[in-house]
Amino acid sequence: MDATALWQRYQDWLYYHDSLGLYLDISRMGFDNDFVASLSPKFDQAFKAMDALEKGAIANPDENRMVGHYWLRDPDLAPTQDLKQEIVETLEKIETFTAKIHQGEIKPPNAAQFTDILSIGIGGSALGPEFVAEALAPDHPVLNIHFIDNTDPRGIDRVLAKIGDRLKSTIVLVISKSGGTPEPRNGMIEVRNAFSAQNLNFAQQAVAVTGVGSKLDQQAHAEGWLTTFPMADWVGGRTSELSAVGLLPAALQGIEIREMLAGGKAMDIATRKPEVKTNPAALLALAWYYAGNGKGEKDMVVLPYKDSLLLFSRYLQQLVMESLGKEKDLDSNIVYQGIAVYGNKGSTDQHAYVQQLRDGVPNFFATFIEVLQDRSLPSIEVEPGVTSGDYLSGFLLGTRQALYENHRDSITITVPEVNPEIVGALIALYERAVGLYASLVNINAYHQPGVEAGKKAAAEVLELQHKIIQVLQDAGQALSLETLAEKAGVPDQIEAIYKILRHLATNQRGVLLVGNLAKPASLMASIHW
Ligand SMILES: O=P(O)(O)OC[C@H]1O[C@H](O)[C@H](O)[C@@H](O)[C@@H]1O
C-alpha cells in the first residue's frame with residue numbers, strides 16, 4: 001500500500017475517545033472491507049449477547065452465574081436494587097475504611113500507624129492489584145504495597161525480609177474469591193507464623209476480601225479480623241480489578257479509585273455501542289479475529305512503551321488466556337480456542353525478542369501502547385533538540401514501521417498519560433474485547449474448567465506423598481522405589497514417587513535416599529529417624 005493510501009486507511013479506521021483522549025489504530029492489521037462485512041452477522045450476535053449479559057442473563061451457564069463486572073462501574077445497571085446497594089455500600093466501606101487507616105484512626109496494636117500493605121492472593125486476586133500498583137502507585141505512597149502471589153517458601157521469605165520489623169505496622173490483605181485456594185491459604189499461614197515469631201497479633205492487622213460465607217470469610221469472622229470485604233459471585237476473578245479486590249489495595253496506596261471506576265464506566269459506554277467501527281472493543285476483537293483467523297493462530301504481543309505499564313501484559317495473560325483458552329465451544333464441539341499473550345515493555349524488548357518479531361517466525365501480532373506524556377515536568381535534552389522521551393517515542397514508531405514493512409501486523413493504542421482513569425479504561429476495554437471475541441468464536445469466556453485439572457492433580461500428588469511416607473514408616477527399613485510403589489498400591493506411579501522423595505530428601509523432611517542419583521532405579525528410600 002502506498003503512503004497516501006496508508007494514510008487514508010489510518011484515518012478511516014482511527015478510533016478516538018474524546019473524554020479519555022484515547023486513540024485506537026488498527027490500520028496496520030491487513031484486513032479488508034470484505035472481511036469486515038463477513039464478520040457482521042457474528043458481531044450482531046455478539047452485541048446481543050453482551051446486552052443480555054449486562055442485563056443479568058446467566059452468561060456463565062456452567063457455573064450458573066451472572067457476569068456483572070460492568071455493574072461495578074455503573075451500579076445503576078445492576079439488575080436488582082439489592083445488587084446495586086451491595087456495590088455502592090462496598091465502595092463506601094472501602095473509602096471509609098481507607099480514610100480511617102490513613103488518619104490512624106484504625107491502627108495496629110504496636111505502632112502509631114500502618115506503613116505497609118501485604119497483599120496475599122493469586123490469579124485474579126493478585127494480577128490486577130499488582131498491575132495497578134506498578135502503574136499508579138505514587139512514588140511515595142501512603143502505604144507501601146508488597147505481594148505474596150505464590151506458595152514459594154523462598155519467595156515468601158524474601159517479601160517478609162523486605163518488610164522486616166515493619167511487620168508490626170503492616171496491614172495484611174488476604175484476597176481470595178473462593179476463600180479456599182491453596183496458595184493464598186499457605187501464604188496466610190506463613191505470614192501468620194511470622195507475626196507470631198514477632199509476638200504480633202495477626203487478626204488485629206488482617207483483612208479478608210472474599211466471598212461471603214467462604215472458608216476464609218468464616219475464619220476472619222471467627223478470629224475477629226480487622227474487617228472483611230465481600231466479593232460477589234457474579235464477578236469473575238479475572239474481571240475483579242474494579243471490585244474490592246483491586247479497589248481496596250489501590251485506595252490504601254492513595255490511588256484515586258473513583259477515577260479508575262469513572263474511566264471504566266466511560267469505556268463501558270463506548271464499548272456498548274452495537275457498531276463495530278465506532279466501538280473500540282469491537283475493533284480490537286475484529287483485529288484479533290483477523291490476525292488469528294478466529295482460531296488464535298497468532299500470539300498477541302503487548303508492548304507498552306512505558307515502564308509503569310510493565311505488568312499490563314501479565315494482567316492480560318490471565319484475562320485473555322483464561323477466558324479464551326477453551327477446549328469446547330458453546331455447542332460442545334472441540335475447538336481448542338485461545339490467544340497466547342506475552343509482552344513486557346518497549347523499548348526494552350527491542351533489545352531482547354523484537355529481533356524475532358521483525359525477522360523470524362510471523363506467528364504474532366503486536367499491540368503497541370503509546371503514552372503521549374513523557375513525564376509531568378519538562379525534560380532535559382539528551383542531545384540537541386532531543387529528549388529521552390523523544391527516543392522512546394521514536395523507538396515505538398520505528399518498530400511499528402519496521403514490523404509493517406516486513407508484513408507483521410500491529411495495533412496501536414495511544415493514551416495521554418498513565419492515570420487512574422486511563423488504567424480503568426484500559427481494563428474495561430480489554431474486558432469487553434475479550435467478551436465480544438468470545439462471542440465471535442462461540443465460547444464461554446467466563447469459566448475455567450482447565451484450571452481445575454491442575455489443582456486436582458496437585459492434590460493427588462500430596463495424597464501420594466502421605467501414602468508413601470506411611471508405607472516407609474510401616475516398613476521400618478529401606479525400600480527400593482519399585483517395592484515402595486508396589487506396597488503403596490500404585491505401581492504405575494513410580495516416577496511421581498521418585499520425584500516426591502527427591503524433593504523431601506532435599507528439604508530435610510526425614511527422608512533418606514541412598515544410591516546412584518543418576519540411576520533412580522538404584523535408589524533405596526527410608527525414613528531418617
Ligand atoms: O480468588 P481465588 O478464589 O483465590 O482464585 C484465584 C484464581 O484461582 C484460579 O486459578 C482461577 O482459575 C482464577 O480465575 C482465579 O483468579
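## Strand 13 and V511

Helices (H or I, at least four residues) and strands (E, at least two) are DSSP runs, numbered from the N terminus. In this predicted model, V511 sits in strand 13, which covers residues 511–514. V511 has a relative accessible area of 7%. Buried means under 20%, so V511 counts as buried.

What does V511 touch beyond its neighbours within four places in sequence? The contacts are L501, L504, A505, S526 and H528.

## Domain layout

The domain assignment divides the protein chain into three parts. Domain 1 is made of two segments, 1–53 and 271–446. Domain 2 spans 69–254. Domain 3 spans 448–525.

The C-alpha centres of domain 1 and domain 2 are separated by 31 Å. Their contact draws on 26 residues from domain 1 and 20 residues from domain 2.

## The interface of domain 1 and domain 2

Together, domain 1 and domain 2 bury about 2000 Å². Carbon and sulfur atoms account for 64% of that area. Three residues of domain 1 stand out: Y315, Q318 and E431. They supply 27% of the area that domain 1 buries against domain 2, more than any other three residues.

Polar links cross this interface too. Six residue pairs are in polar contact between domain 1 and domain 2, both residues being at pLDDT 80 or more. Which helices supply at least two residues each to the side of domain 1 that touches domain 2? They are helix 2 (33–54), helix 12 (312–324) and helix 15. The residues on this side of domain 1 comprise 15 nonpolar, five polar and six charged.

Three salt bridges span the interface of domain 1 and domain 2. Elsewhere in the list of pairs, E322 bridges to R238, with the closest N and O atoms 2.9 Å apart.

## Salt bridges around R73

Side chains of opposite charge can pair when their charged atoms come close. The model has 17 salt bridges. R73 takes part in a salt bridge with D268, where the closest N and O atoms are 2.8 Å apart. This pair links distant parts of the chain. R73 belongs to helix 3 (residues 69–73), D268 to helix 10 (residues 257–271), and 195 residues separate them.

R73 also forms a salt bridge with E431, at 2.8 Å from N to O. E431 lies in helix 15 (residues 420–440) and R73 in helix 3, so this bridge ties together parts that are 358 residues apart in sequence. E431 is also one of the three residues named above for the area domain 1 buries against domain 2.

D268 is buried at 1% relative accessibility. E431 is buried at 3%.

## Other charged groups

E54, R272 and R432 belong to one network, joined by salt bridges that share partners.

R65 pairs with E63 in a salt bridge, the closest N and O atoms lying 3.0 Å apart. R65 is partly exposed, at 28% relative accessibility. E63 is partly exposed as well, at 30%.

Conventions: Residues numbered from 1 in each chain as written. Predicted model: local features only at pLDDT ≥ 70, side-chain atom pairs only at ≥ 80, totals over all residues. Heavy atoms only, no water. Salt bridge = Lys/Arg side-chain N within 4 Å of Asp/Glu carboxyl O. Buried < 20%, exposed > 50% of the residue type's maximum accessible area, 1.4 Å probe, protein only. Domains from an automatic or database assignment. Contact = heavy atoms within 4.5 Å. Buried area = accessible area lost by both parts, 1.4 Å probe. Polar contact = N/O pair within 3.5 Å; in protein donor to acceptor, adjacent residues only side chain to side chain. Nonpolar A, V, L, I, M, F, W, Y, C, P; charged D, E, K, R; others polar.
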